[in-house]
Amino acid sequence: MRQAIFLHFFLGTLACLSLFCVKAEDPYRYYAWTVTYGTISPLGFPQQGILINGQFPGPTIECVTNDNIVVDVINMLDEPLLFTWNGIKQRKTPWQDGVLGTNCPIPPNTNWTYKFQTKDQIGTYSYFPSTLMHRAAGGFGGFNIQSRSVIAIPYPIPVEEFTLLVGDWYNSSHKALQKKLDSGIPLPLPDALLINGLPSGSIFTGEKGKTYKFRVSNVGIATSINFRIQGHNMTLVEVEGSHTVQDLYDSLDVHVGQSVAVLVTLNATDKDYFIVASTRFTKPILTATSLLRYAGSSTPAAMPLPIGPTYQIHWSMQQARTLRWNLTANAARPNPQGSYHYGTIPIQRTLILANSETKINGSLRYAVNGVSYVNPATPLKLADYYNISGVFKLNSIKDFPLSVPAVFGTSVIGTTLHDFIEIVFQNNETTIQSWHLDGYSFWTVGYGSGKWTPDMRRRYNLADANTRYTVQVYPQSWSAILVSLDNKGMWNLRSAIWSRQYLGQQLYIRVCNDEKSLFTEFDVPDNALYCGKVKHP
């Protein structure tokens, strides 16, 4: 009898303990995407676009911090295809980054499934095709990550959210644009600007007295934009995954590949108001409009459109400096953003990266520190994982620019996990640049005109610089960022201006250590595609 009582007690205790030990897995969100060509008419006449499940733009991914995202992509195009997740850090899963340095592309008439987690992230992101010039034909969409319910956000919860995908657009097909670049001809000014796939006509409806969040992403391939709402101020609350100091703006510059989130309170007269996006630093100025409609209103929006900046570079640089980190706000975790004192960490390495337009063998190319990137047939990440030689060499690009003729190359910078580095983007050209780093957010500590020198560090914001994943570099100017390399992988650092990326303005940063551990990086996935020198094991 005693033995039976003891056994029941032991089993009951074990069952209770097991309840405490079991950790519920984070939720899964499943998506099935069929990617096809289709006829679209954003400018009033039919042209070929890239659709996801028949949609242009593609469907918005809505999720929560730490959700597991599973996207089955069926490629019905006539060319290999990859999607990249702009700003998603892919912690432990660099295999899912969706660029040619990490993945073999999905062949036509086949499918491949992405599996990754939105680990410790909140905020406004986007996705798009990373192969060839596909991005110019569509296939892009929003990617929004909400905070977990247990994490407070530093502003009242808005009544509703609106996702606005703003981008430039060409009349020509992506293949025609690619052919032009392959022929050594730079792309002209885009033909139009679109908001959610339309030059005008989108309507966003709200109730008077209520506050709404607008998530705005520049999904174009060439052009910076300015965004504004007639008769309303905007409170900036988030930039690319970090909460900001909540300053008021009447307009905001959003450069290629960048995203912001603003709060707008409907406190004006009941009627329609223009939402306006216009290009920056272009002649002529391209403009797209949508409508903010007060519920029940029958009064149309009235001209003129609110005036925005056009070519004022200093104005834009000054605004960029006002974007600051909210030090007391939580992000994806309960600890305040400002608890990470980035400005006190010693810099272990400085990279000075200068972009240039050049010609190699008589053909138009773009280069970084004199090297114009060429994608090898074997993805860098696979070659690194399987120790395959002859694909790339570490540190095949210098840490600083040299006055030498540009050459073709496969540029990979070697770093060690947990290095803390400084990257200075030096733009000696007369056009604005936009740089994106996969796998990371970084602190945008400085902007300045002319040539960067070490003395410029005295002007850095080492207290509350905002973190983001894409940084603009103004004409004949520099931008400086600090990066904590805490995410193992092979990460693409590229021009977000897609013609420049396509013709070589990119490189990779290898972040590695000698330890092989699932705590820092998962093994190659079972469904990995193989190509080039790597054969399926």
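Predicted model: local features only at pLDDT ≥ 70, side-chain atom pairs only at ≥ 80, totals over all residues.
1. Helix α5 (residues 498–502) supplies the largest share of the lining, 3 residues. If you want the general idea behind a search of this kind, rolling a probe the size of a water molecule over the atoms shows where empty space is left.

2. You'll find Q178 in helix α2 (residues 174–182). Its relative accessible area is 13%, and buried means under 20%, so Q178 counts as buried. Setting aside neighbours within four places in sequence, Q178 is in contact with L132, M133 and Y502.

3. Now the cysteines. How many disulfides does a search of the whole structure find? The search turns up 1, and the disulfide joins C104 to C531, with an S to S distance of 2.1 Å. The pair ties together distant parts of the chain, 427 residues apart: C104 is in the loop between β5 (83–86) and β6 (110–117), while C531 is in the segment after β34 (506–512). The torsion about the S-S bond of C104 and C531 is about -90°, so this disulfide is left-handed. C104 itself counts as buried, at 5% relative accessibility.

4. Two further cysteines deserve a line. C512 has 17% relative accessibility and counts as buried. C63 is buried as well, with a relative accessible area of 1%.

5. Of its 8 residues, 8 are buried, so β19 is largely enclosed by the rest of the structure. In a regular strand the side chains alternate between the two faces of the sheet. For β19 both faces are covered: D272, F274, V276 and S278 are buried on one side, and Y273, I275, A277 and T279 are buried on the other.

6. As for what β19 pairs with, strand β13 (residues 225–229) runs antiparallel to β19, with 5 bridges between them. In that pairing, I225 has T279 of β19 as its bridge partner. Strand β20 (residues 287–294) is also antiparallel to β19, joined to it by 7 bridges. There, S278 stands opposite T287 of β20.

7. Last, a sheet to trace by eye. An open sheet is formed by 6 strands in the order β24-β26-β34-β33-β28-β31, with mixed pairing. Which strands are at the edges? They are β24 (393–394) and β31 (470–473), each of which pairs on one side only. At the β31 end, β28 (residues 433–437) and β31 pair in the antiparallel sense over 4 bridges, and W435 has V471 in β31 as its bridge partner.

Methods
Residues numbered from 1 in each chain as written. Heavy atoms only, no water. Pairing = 2+ DSSP bridges. Helix = DSSP H or I, 4+ residues; strand = E, 2+ residues; numbered from the N terminus. Disulfide = S-S within 2.5 Å. Buried < 20%, exposed > 50% of the residue type's maximum accessible area, 1.4 Å probe, protein only. Contact = heavy atoms within 4.5 Å.
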